[in-house]
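User: I would like to go through the charged side-chain pairs in this protein. Could you take me through them one at a time?

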Amino acid sequence: LIAALTEQLQRLTGVSVPRDAWRPELLPEHLFASFELFDEHGRQIGAGRELSELQARFGQCARDDFSRASNAGFERENIQDWDFGDLPVTVELQQGGVELCGYPALVVDGGGLIGLSLFDQQAQAVESHKEGLLALFRRKAGRLIKEIRRSVPELQKQSVWFSTVAGAEALQADLERAVLQAAFLPGDADVRDAETFRRRLDEGKQQLVELAASIGACSFEALQAYQELNRLLKGAVSPPQLAVISEVREQVQQLIYPGFISASPLTCLPHLGRYLRAAIRRLEKLSGNSQRDRKQSALVRRYWQAYEQAIAGDPANTGLGEFRWLIEELRVSLFAQELGTSVKVSPERLDRLWKELG
């Protein structure tokens, strides 16, 4: 509700109300919704004004009931191949006279075994199905998987540079996942039938080595710049530089973290190194341009804070991704123009995009 009110007020007035300015705790209780929960026989089994509390108390019972109502055709264990026919996005079930909607998806258990299950929430099903697809593609790719790590340039050196963030295995697993995603599920493509699975498997296997080399080259460039930037951040700092150092450290944490390779869009991976080198140039120029840096920093911070507030209120908004990466390009244009940008970027373009995003 708060996110919707904020959005509507901004549309009507042009004023963005900060989330912490809303004070729901000051409202009288009768203005909040009251929830009543009934079983299949029409008996009330719970009530209250806190939906999350009701979900916590009765959610597991609902999931258990849903599981009992699930069609046995969508419950499988230890899947080795796509031998279970087409997988619809949704199926309808009847439970206690109520029509329910289920979401079939592949799952991966804690031991790495692949199965098939029916979810009662679409978001969970989508996430689980992606993990299951990656695991099944990995299984069917066989020995080719070993070629991924062999094809990554300077993997040992990259692991050393990344050691201040996480261990070598975390980096190598992240690289492998990024390559599998790019080869078999480009653009977060969905796979719901055996024919599509076979086609993507055949096409992806032919690209694995090439993608491992290209994605590995991107991570090499990014981690090399990260290592150089770390040296600067550990050096002596004067009091006027503290704010900039803190801002750059925050930027670095948003670019280099456990899982950053597979989490970054494939189109953005080649630019991570340039973003980090722009931060290096910014620090190198800082002593003679502190006033200009403060002005440019305030501009970037305005866009970044707007992005953080928006993504916190609507994490599933994929349209915000373009805005997020344009902020990085804006940083390059402001602090290291000589490095160039991958697209035309300006505060005006960011303002237009923000307006389109509502």
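Analyst: We may begin with E29, which counts as exposed at 56% relative accessibility. Please note that this is a predicted model.

User: Which residue forms a salt bridge with E29?

Analyst: The partner is R49, and the closest N and O atoms of the two are 3.7 Å apart. This pair links distant parts of the chain, 20 residues apart: E29 is in the loop between helix 1 (2-13) and strand 1 (35-38), and R49 is in the loop between strand 2 (44-48) and helix 2 (51-69).

User: How many salt bridges does the structure hold?

Analyst: There are 22 salt bridges in the structure.

User: What about R177, which residue does its side chain meet?

Analyst: R177 meets E131 in a salt bridge, at 2.6 Å from N to O. R177 belongs to helix 6 (residues 168-184) and E131 to helix 3 (residues 122-141), so the pair ties together parts that are 46 residues apart in sequence. R177 is partly exposed at 25% relative accessibility, and E131 is partly exposed at 26%.

User: Moving on, what does E25 form with R23?

Analyst: E25 and R23 form a salt bridge whose closest N and O atoms are 2.4 Å apart. E25 counts as exposed, at 52% relative accessibility, while R23 is partly exposed, at 46%.

User: Which residues are linked in a network?

Analyst: Salt bridges link R138, R149, E169 and E176 in a network.

How values were computed
Residues are numbered from 1 along each chain as its sequence is written. This is a predicted model: local features need pLDDT of at least 70, side-chain atom pairs count only at pLDDT 80 or more; totals for chains, interfaces and linings use all residues. Side-chain values use heavy atoms; hydrogens and water are left out. A salt bridge is a side-chain nitrogen of Lys or Arg within 4 Å of a carboxyl oxygen of Asp or Glu. Buried means under 20% relative accessible area, exposed over 50%, partly exposed in between (1.4 Å probe, protein chains only). Helices (H or I, at least four residues) and strands (E, at least two) are DSSP runs, numbered from the N terminus.
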